[in-house]
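I record here what I looked up in this model. The entries follow the order in which I took the topics.

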Amino acid sequence: MKTVLLFSFLLSLAASCGEKPDSLSSNDAGVSSEQPVQDGKEYFINNSGDTIYYVNKTTAEWRDALNSNEFHILREAGTEPAFSGDLLEEKRKGSFSCAACGLVLFESETKFKSGTGWPSFYTPADPTHVGEIEDTSYGMVRTEVVCNRCGGHLGHVFKDGPKPTGLRYCINAASLDFETESDQ
Ligand SMILES: [Zn+2]
């Protein structure tokens with residue numbers, strides 16, 4: 001119930017990301033509402049077989065953990081201005097993880113230059129790490145993408161991306177942290 005309320009709140013505040021709104025069929029990443037529990041913590045198993053524990057914090061805890069820009073984008077479904085994100089021109093090899101909880105979301109090999117002004121990827125690092133929610137705000141039908149571990153807003157996914165998927169994950173740089181391959 002708490003999750004439903006959170007998503008309703010995020011949907012009500014979602015702003016534009018990208019220039020070519022399109023609709024996608026709803027497709028959650030296979031994470032059901034009934035989660036297994038281990039050591040008192042809910043978790044899911046990703047496609048690599050890793051146990052991923054959910055991260056649940058109160059609004060006050062997120063305000064402490066994030067800077068004001070990250071909080072606005074990740075927890076209030078904000079959108080950074082186009083061409084403002086520090087990771088837009090990041091071209092090194094490495095991984096992009098959730099700025100709120102650290103879960104790896106995208107790999108540098110799938111990043112491409114979209115010209116929209118936001119970091120763009122054609123597929124998630126692991127499809128179970130990124131969730132999709134239908135977003136009908138601003139008179140458009142779009143698909144919001146969120147971090148599946150902490151529920152943080154990332155951006156939207158559109159169907160005008162490059163091969164091999166034809167998808168364009170339009171992601172706020174403020175929602176991501178980057179780690180170069182040499183640091184891993
Ligand atoms: Zn997260």
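How much space lies in the second largest pocket? I read about 260 Å³ for the second largest pocket. I note the definition: on a 1 Å grid over the protein atoms alone, a pocket is an open set of points where a 1.4 Å probe fits, with protein on both sides within 12 Å along at least five of seven lines, and lining residues have an atom within 4 Å of a point. The volume is the space filled by probe spheres set on the points, which are joined across faces, edges and corners.

I noted the basis of these values. This is a predicted model, in which local features need pLDDT of at least 70 and side-chain atom pairs count only at pLDDT 80 or more, while totals for chains, interfaces and linings use all residues. Residues are numbered from 1 along each chain as its sequence is written, and side-chain values use heavy atoms, with hydrogens and water left out.

I then listed the lining. The second largest pocket has 18 lining residues, and Leu 88, Lys 91, Lys 111, Phe 112 and Lys 113 lie nearest its centre. By class I find five nonpolar, six polar and seven charged residues; Ala, Val, Leu, Ile, Met, Phe, Trp, Tyr, Cys and Pro count as nonpolar, Asp, Glu, Lys and Arg as charged, and the others, Gly among them, as polar.

Next I looked up the zinc ion. Its protein donors (N, O and S atoms within 2.8 Å of the metal, or 3.2 Å for Na, K and Ca) are the SG atoms of Cys 98, Cys 101, Cys 147 and Cys 150, at 2.3 to 2.4 Å. The four donor atoms subtend angles of 101 to 116° around the zinc ion, so the arrangement is tetrahedral (four donors, all angles between 85 and 135 degrees). Along the chain, the donors follow the spacing C-x2-C-x45-C-x2-C. I also checked burial: Cys 101 and Cys 150 are both buried (under 20% relative accessible area with a 1.4 Å probe, protein chains only; exposed is over 50%, partly exposed in between).

Finally I examined the backbone. Most residues other than glycine have a negative phi, and most peptide bonds are trans. Ala 77, not a glycine, has a positive phi of about 55°, and Ala 77 counts as buried at 0% relative accessibility. Tyr 138 likewise has a positive phi, of about 60°, but Tyr 138 is exposed, with a relative accessible area of 57%. The peptide bond from Lys 163 to Pro 164 is cis, with omega near 10°.

How values were computed: Four donors count as tetrahedral if all angles lie between 85 and 135 degrees; four count as square planar and six as octahedral if opposite donors are over 155 degrees apart and all others between 65 and 115; anything else is irregular.
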